[in-house]
Amino acid sequence: MTVESTAASKPRRSSKRTSAAKTPAKTPAKTPAKAPEGPQLVQLLTPEGERVEHPDFEIDLSADELRGLYRDMVLTRRFDAEATALQRQGELGLWASLLGQEAAQIGSGRALRDDDYVFPTYREHGVAWCRGVDPTNLLGMFRGVNHGGWDPNTNNFHLYTIVIGSQTLHATGYAMGVAKDGADSAVIAYFGDGASSQGDVAEAFTFSAVYNAPVVFFCQNNQWAISEPTEKQTRVPLYQRAQGFGFPGVRVDGNDVLACLAVTRSALERARRGEGPTLVEAFTYRMGAHTTSDDPTKYRADEERAAWEAKDPILRLRTYLEKQELADAAYFTALDEESETLGKRVREAVRAMPDPDRLAIFDHAYADGNPLVDEERAQFAAYQASFAEEGN
């Protein structure tokens, strides 16, 4: 597996994986993983930055690859923070932050081959980064100047899906087509714990199982469906739902980038072998608001967030890199500088975008026009004109 660290690079079309290991990583003494309490949780890197083993999932990465994963998470978080700030400044209409979910997205995103296909929701900014989608393209949609600024077939990364859960059906249908074509690529669909309650997801599970579709369902269980906690959505751990549909499910530590990489890679390879779908539940936490229109302080306790901050995915990998002497101060300083450069580039790109055409929402409501829509357009245009011109 090659960890590429350049977001803007075009994905390769070859299905072969090559090794980027030029600097061998030290092989630390591994300790047996402790039996977790409650549902089994696949973990390869503890919150304290200690490597542990799991009997079913192994991973062996070079120092370059480990640093690449860390860089991916840091730059993704920096982009996300800049987007949040831009929304607060009135440059974006809305933003859905991924804060705290970097390991789940970067780990699973780097497990993909270039010929695999991704169906995201609206929060998979880290996966988009892994697929080579320029971050500024994501922001055009949230500014209202486009409906997705990238060609899905260029990066094998579908446009963001706002309708909750529908992308799992799209992924299933695409995967069924892949199987009929005889290709050995796989498909992955991302969704949240709230979406797991949608009928579309249940239908996708049914079809994928019956037709043995080569698809991985990757659920980022960030504990909250807006203001609704997981315990009010399901009586069993989400990964166990797969059993009722006839395919395996696995729960992984969603704040452990190594475990997310190993588990997703295994599920994708299983799909390519013709063994059907897998449900991966990445057990993580949404550190920020559901979107910038949400106020999580109204339904979450500060103590809960503090407990999850101690499991920060970026901090735990940094701790491991420092303990194993796989990255020095110069590396982290250079990455900080690169992070600031990215933030500046994103900020300048968004401010250079045109303002959205506010009247465009009326243009395609009906193919041949409609008197009521025309009346509403005129009323809205008059309302807009009532504001003083900028600078007056």
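**Group meeting talk: a walk through a predicted model**

Let me begin with one close pair of atoms. The backbone oxygen of D72 sits 2.7 Å from a polar atom of the T76 side chain.

A word of caution before that. This is a predicted model. How confident is the prediction? The average pLDDT of the protein is 90, and 89% of the residues score at least 70.

Now the overall picture. The protein has 392 residues, and 52% of them count as buried. Its secondary structure comes to 13 helices and 9 strands. Take the contacts between residues at least 6 apart in sequence. Of these, 75% join residues at least 24 apart.

Back to T76. Where is it? T76 belongs to helix α1, which runs over residues 63-88. Is T76 buried or exposed? Its relative accessible area is 2%. The cut-off for buried is under 20%, so T76 is buried. What does T76 touch, leaving out residues up to four places away in sequence? The answer is L98, I106, H125, G126 and W129.

I106 is among the buried residues of α2. Helix α2 covers residues 102-109. How many of its residues are buried? The count is 8 of the 8, so helix α2 is largely enclosed by the rest of the structure. Here they are by name: E102, A103, A104, Q105, I106, G107, S108 and G109.

R113 counts as buried, at 10% relative accessibility. What does its side chain contact? The side chain of R113 makes a polar contact with the side chain of D115, at 3.0 Å.

Next, two residues with a positive phi. I226 has a phi near 55°, a positive value in a residue other than glycine. You will find I226 in the loop between β6 (224-225) and β7 (228-229). I226 counts as partly exposed, with 42% relative accessibility.

Then there is E325. Its phi is positive too, at about 55°, although E325 is not a glycine. E325 lies in the loop between α11 (313-323) and α12 (329-351). Buried or exposed? At 61% relative accessibility, E325 counts as exposed.

Last topic: empty space inside. How do we look for it? Rolling a probe the size of a water molecule over the atoms shows where empty space is left. Searching the whole structure gives 2 cavities of 30 Å³ or more. Look at the second largest cavity. It holds about 40 Å³ of space. Which residues line the second largest cavity? They are F191, S196, F205, C219, L238, R241 and L279. Sorted by class, this lining has 5 nonpolar, 1 polar and 1 charged residues.

Find T76 in helix α1. Then find helix α2, where 8 of the 8 residues are buried. Thank you.

Definitions and conventions: Residues are numbered from 1 along each chain as its sequence is written. This is a predicted model: local features need pLDDT of at least 70, side-chain atom pairs count only at pLDDT 80 or more; totals for chains, interfaces and linings use all residues. Side-chain values use heavy atoms; hydrogens and water are left out. Buried means under 20% relative accessible area, exposed over 50%, partly exposed in between (1.4 Å probe, protein chains only). Helices (H or I, at least four residues) and strands (E, at least two) are DSSP runs, numbered from the N terminus. A polar contact is a pair of N or O atoms within 3.5 Å; within protein, one must be able to donate a hydrogen and the other to accept it, and residues adjacent in sequence count only if both atoms are side-chain atoms. Contact means heavy atoms within 4.5 Å. On a 1 Å grid over the protein atoms alone, a cavity is a set of points where a 1.4 Å probe fits but cannot get out, and a pocket is an open set with protein on both sides within 12 Å along at least five of seven lines; lining residues have an atom within 4 Å of a point. Grid points are joined across faces, edges and corners, and a volume is the space filled by probe spheres set on the points. Ala, Val, Leu, Ile, Met, Phe, Trp, Tyr, Cys and Pro count as nonpolar, Asp, Glu, Lys and Arg as charged, and the others, Gly among them, as polar. pLDDT is the predictor's confidence in each residue, from 0 to 100.
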